[in-house]
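Subject: Structure handover

Hello,

Here is the structure I promised to pass on. Please open it beside this email and follow along.

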Amino acid sequence: MSSTCMVTGARPGFGNAVSHSHRRTRRRFDVNVQRKRYWVPGLGRHVTLTLSARGIKTIDRRGIDRVVADLLAEGVRL
């Protein structure tokens, strides 16, 4: 599964893991990504989206119809 949110575009960040002796090694800050299934009345079917926690809150605030319309306008295949 891709670690990118379809709504917000959040992707993993990268940085350093610093040990007690202060040695630095590269590490990855993953996004909290989940697969959610929504019923979209405008399309008359279910849509499965890969969303971060912030993306789920965005859908709760704006509504699934508006978010899906924006994704379709961008050319995202659902």
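Below is what was found in it, starting with the chain as a whole.

This is a predicted model, where local features need pLDDT of at least 70, side-chain atom pairs count only at pLDDT 80 or more, and totals for chains, interfaces and linings use all residues. Residues are numbered from 1 along each chain as its sequence is written, and side-chain values use heavy atoms, with hydrogens and water left out.

**The chain**

The chain has two helices and four strands. Helices (H or I, at least four residues) and strands (E, at least two) are DSSP runs, numbered from the N terminus. From that end, the order is β-β-β-β-α-α.

The C-alpha trace spans about 55 × 20 × 15 Å along its principal axes. The radius of gyration is 16 Å, while a compact globule of 78 residues would have one near 12 Å. That radius is taken over C-alpha atoms, and the globule rule is 2.2 Å times the number of residues to the power 0.38.

Of the 78 residues, 27% are buried. Buried means under 20% relative accessible area, exposed means over 50%, and partly exposed lies in between (1.4 Å probe, protein chains only).

Now take contacts, which means heavy atoms within 4.5 Å. Among contacts between residues at least 6 apart in sequence, 35% join residues at least 24 apart.

**The core**

Nonpolar side chains tend to be buried together in soluble globular proteins. A nonpolar core here is a set of buried Ala, Val, Leu, Ile, Met, Phe, Trp, Tyr and Cys residues joined through side-chain atoms within 4.5 Å. The largest one has twelve residues: Cys5, Tyr38, Val40, Val47, Leu49, Leu51, Ile56, Ile59, Ile64, Val67, Val68 and Leu71. Two or more residues each come from β3 (33–40), β4 (45–52), α1 and α2 (64–74). The most come from α2, which gives four.

Leaving aside residues up to four places away in sequence, Val68 touches Val40, Leu43 and Leu78.

Start with α1. Its buried residues are Gly55, Ile56, Thr58 and Ile59. Seen down the axis of α1, they fall within an arc of 155°, so they line one face of the helix. The arc is that of the directions from the helix axis to the C-beta atoms. Arg54, Lys57, Asp60 and Arg61 are exposed on the other side of α1. The buried residues of α1 pack against β3, β4 and α2. Just after α1 comes Gly63, with a positive phi of about 100°.

Now α2. Ile64, Val67, Val68 and Leu71 are buried in this helix. Their arc around the axis is only 95°, which puts them on the same side of α2. The face turned away from that buried side carries the exposed residues Arg66 and Ala73. The cover over the buried residues of α2 includes β3, β4 and α1. Gly75 follows α2, and its phi is positive, near 90°.

**Single residues**

Which residues does Thr58 touch, not counting residues up to four places away in sequence? They are Val7, Thr8 and Gly63. Thr58 sits in α1 (residues 53–62). Its relative accessible area is 10%, so Thr58 is buried.

Thr8 lies in the segment before β1. Thr8 counts as partly exposed because its relative accessibility is 39%. With residues up to four places away in sequence left out, Thr8 touches Ser52, Arg54, Gly55 and Thr58. The C-alpha atoms of Thr8 and Arg77 are 16 Å apart, and 69 residues separate the two along the chain.

Is Arg35 buried or exposed? At 57% relative accessibility, Arg35 counts as exposed. Arg35 belongs to strand β3. Its C-alpha atom is 6.6 Å from that of Thr48, 13 residues apart along the chain.

Most residues other than glycine have a negative phi. His22 has a positive phi, near 75°. Find His22 in the loop between β1 (13–18) and β2 (24–29).

One last item is a charge over a ring: NZ of Lys or CZ of Arg within 6 Å of the ring centre and within 35 degrees of the ring normal. The charged end of Arg27 sits over the ring of Phe29, 3.9 Å from its centre.

Best wishes
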